Amino acid sequence: MDDHSLTPLDPAYASMLRLQFAFVALVLLAGATAAEVAIPGYTGAVWIPVIVFSLWLLIRMPMRRYAARGYSLAEERLRVVRGILFRSDTVVPFGRVQHIDVNQGPLERLFHLATLTVHTAGSHNASVSLPGLAQEDAAAMREEIRAAIRRDTR
């Protein structure tokens, strides 16, 4: 399947990821500061690698994660692609959908994003989550899938 036909996630998702990684970087920097204070005579031996890693986390990682995700909603199916090292390409036919959730955590609410979770029949990959959608888009996708399911059951 062609990755060029995928719809990218909302750009605010990259900003939300950057904020999440900022929290991780702060914890790492706090730990590095404690290590610097505890180890006399090696000023910068811990800080410098942690600062470089934190900058990589803040600058490069959110964009890589954002670019590694996408979705397609066509032909009575939802396709979700994700992963940087390990790629996952999941296709959910609407006929297998049991129910659909739209969830928002505190950061998602701050950025007006939502996660669409599609629960399917069966036990393997019984639910597929698609984070990083605009709140309105997630609700519209839920309604589109519901409408397709109603058409199929009549």
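So, how many residues apart in helix H5 are Glu143 and Arg146, and what does that make of their separation? They sit three residues apart, so about one helical turn separates Glu143 from Arg146. Helices here are DSSP runs of H or I with at least four residues, strands are runs of E with at least two, and both are numbered from the N terminus.

Quick housekeeping before I go on. This is a predicted model, where local features need pLDDT of at least 70 and side-chain atom pairs count only at pLDDT 80 or more, while totals for chains, interfaces and linings use all residues. Numbering starts from 1 along each chain as its sequence is written, and side-chain values use heavy atoms, with hydrogens and water left out.

Back to that pair. Glu143 and Arg146 make a salt bridge, with the closest N and O atoms 3.0 Å apart. By salt bridge I mean a side-chain nitrogen of Lys or Arg within 4 Å of a carboxyl oxygen of Asp or Glu. Glu143 also meets Arg142 in a salt bridge, at 3.5 Å from N to O. As for exposure, buried is under 20% relative accessible area, exposed is over 50%, and partly exposed is in between, using a 1.4 Å probe and protein chains only. Arg142 is at 22%, so it counts as partly exposed; Glu143 is partly exposed too, at 35%.

The whole structure has five salt bridges. Another one of them joins Glu76 and Arg151, with the closest N and O atoms 3.3 Å apart. That pair links distant parts of the chain, 75 residues apart: Glu76 is in the loop between S1 and S2, and Arg151 is in helix H5, residues 135-153. Arg151 is exposed at 53%, while Glu76 is partly exposed at 35%.

You'll find His112 in the loop between helix H4 (106-110) and strand S5 (113-120), and it is exposed, at 52%.

Last stop, helix H2, residues 47-59, where we find Ile59. Ile59 is exposed, with a relative accessible area of 57%. Together with Trp47, Ile48, Ile51, Val52 and Leu55, Ile59 forms a nonpolar surface patch of about 570 Å² accessible area.

Key. Patches are made of residues with over 30% relative accessible area and no salt bridge: like charges are joined within 9 Å, nonpolar side chains (Val, Leu, Ile, Met, Phe, Trp, Tyr) within 5 Å. Accessible areas come from the Shrake-Rupley method with a 1.4 Å probe; for residues, only the protein chains shown count as cover.
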